[in-house]
Amino acid sequence: MTRPAVSIKNVAKTWTPEGRPPVHALRNLSLDVMPGEFVVLLGPSGCGKSTLLYMIAGLEGTSGGVIEQDGAFVTEPSAERGLIFQEASLFPWLTILDNVAFGLSVRGVPVAERRAVAADMLRKVGLGDMMEKKPDELSGGMRQRAACARALAMRPKVLMMDEPFAALDVQTRSKMQDFLLQIWRDSGASVILVTHSIDEAIALADRVVVFTSRPGQVKTIVPIDLPRPRPSRDPRYHEYRDMFTELLADEVDRAFAEQEVV
Amino acid sequence: MSISTKSVATLFGGAGVGRLPSGSPKLRRHLVGIGWGMASIGLFTAIWEILWAIGWANPLLLPPPHLFLQDIPGTLGYFSQKNIVGAKAAGNGVTGLLLTILWTTSRVVLGLALGFVLGVAVGAMVHYVRMVRNLLLPTILLLAPISPVAWLPVAIFVFGIGDVPAIFLVFITVFFAIVLSTVAQLESVPRNYLHVARIMGATEAQTFWRVTLPAILPSLFMTLRLNLFAAWMVVLIAEAVGVGSGLGQITSMARATFNAKLVFFTMAIIGVLGFLFDWGLRYIQGRMLWWVAPGQGGSK
Ligand SMILES: Nc1ncnc2c1ncn2[C@@H]1O[C@H](COP(=O)(O)OP(=O)(O)OP(=O)(O)O)[C@@H](O)[C@H]1O
Ligand SMILES: [Mg+2]
């Protein structure tokens, strides 16, 4: 058996915000992500999906359990575990090229070399002629592609994305999904993507992890056995969609009921 | 700081000039801007001159521009070349004027630069070091609202008569504003910028110089610009009272000797200098902070 790229073992997370009662975001969560696998996390709002990504990234510690990447404990952030946010978060004071080269420059890679790598990466994501532009001269989709290039320039083993396309319009979004599948194949990295969109989950995932409402746990894991590309007119696509709609509706109802009690 | 940097930016950024049809739009916008500027000043001057012509403005008290600009060589006689306390007007003409301007400007520049650099340094310490925050912040909040002019006696007690009290006053004018602005801005640096830096493996120093500082610099610069006019005001007061040279001293002397022409001539010079300073800062902002659109002060 191959070793998982990311292994999450019995992880819990309790937020303790100052002056407010603690929030149990995640409880007893276990999940393995295989090398090169595309995993989508789907769950009701507030169930701890973002929290989980932050912990895998090493930006936040766990309150229980451990997370391993390639067999080593995650204790601090690393460029091997790239994270992409809903907002591209490019630095507005750097050109697109220098944004993508930022990680390499922090490592002390000489200018010429890091720019060459960054330019290469930008060409791969289709931004070859945008290199000298400022981030706010780009459209939302282009900015998100640049953010992908920035993460990919570090040759990550795991690429995490937190609702990366949520702010984009429908057409751009579907283009970005194709684009993402392509860079996923090229890079060979594992992808862990959080989304609210059932269609996005079905279009992209090898496996969809459905979360329970807070405290988040794995409710079920559903492998998507459809060859890509996955046209939405396929009848099996609809079966998946009905199934996820039902699974989520249960959890959303529960989350609502709890809120009313509180 | 509660001042809306955005509205001020639009005010000074000349964004009031609407969009124009193409054909070297930049140059045209420039020319139109200059045209309106001249029209505005022309109208102001014309009204003043008319008031004089119909006898409402007493030329002894409110001499119109053509009168106070008429006898320039005579007026220039009051400007001394020496930066000496109490130097009698030696009549050094143009060089005297230029040197007087130079003394005043260098005090402003030094005070601004010191206030900016130390303000950012102290603000950063307050933000990053809990101990410093607890010890300094209450005092800073207590001292910040005190008008810079109120510091004048203190400045003279401590530093005596000379350049230092004037520079000190300019420093005080910007220092507290920059400290508070730095603290506020450091708290509002987008968290994802810092996350990206951490994931990329940046050290704390790298993160500060290459992410945090560029993220807060545009707003700090805007704070500096907002306080520029106050800085000009205090330097003139300091010169009038405690230094004995510079444009402030000339105005004060002109007032004492009831020389209205000299008063207005100096006022005109001060006006032009203030304008040039703001323009200069805006230019630096445009070159150094190129990622900030003209009408926008903060980071995104
Ligand atoms: N830094 C924090 N401090 C305190 N509580 C937090 C923090 N971050 C998240 N939480 C809480 O933890 C819970 C899970 O949040 P999280 O953002 O992980 O949910 P999510 O599944 O990503 O939700 P969404 O789908 O709305 O993005 C929420 O109740 C949230 O309020
Ligand atoms: Mg989230």
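No salt bridges, defined as a side-chain nitrogen of Lys or Arg within 4 Å of a carboxyl oxygen of Asp or Glu, are counted between chain B and chain A of this predicted model. Five residue pairs between the two chains are in polar contact, both residues being at pLDDT 80 or more; a polar contact is a pair of N or O atoms within 3.5 Å, of which, within protein, one must be able to donate a hydrogen and the other to accept it, and residues adjacent in sequence count only if both atoms are side-chain atoms. Helices α9 (191-199) and α10 (204-226) of chain B each supply at least two residues of the side that touches chain A, and the largest share of that side, seven residues, comes from α9(B). Helices are DSSP runs (H or I, at least four residues), numbered from the N terminus.

In total, 18 residues of chain B are in contact (heavy atoms within 4.5 Å) with 25 residues of chain A. The area buried between chain B and chain A is about 2100 Å², and carbon and sulfur atoms give 67% of this area. Buried area is the accessible area (1.4 Å probe) lost when two parts are put together, summed over both. Ile199(B), Met200(B) and Trp290(B) supply 33% of the area that chain B buries against chain A, more than any other three residues.

Tyr283(B) lies in helix α13 (residues 260-288) of chain B. The relative accessible area of Tyr283(B) is 44%, so the residue is partly exposed, a class between buried (under 20%) and exposed (over 50%), with a 1.4 Å probe and protein chains only.

Residues are numbered from 1 along each chain as its sequence is written, and chains are lettered from A in the order in which they are written. Local features need pLDDT of at least 70, side-chain atom pairs count only at pLDDT 80 or more, and totals for chains, interfaces and linings use all residues, while side-chain values use heavy atoms, with hydrogens and water left out.
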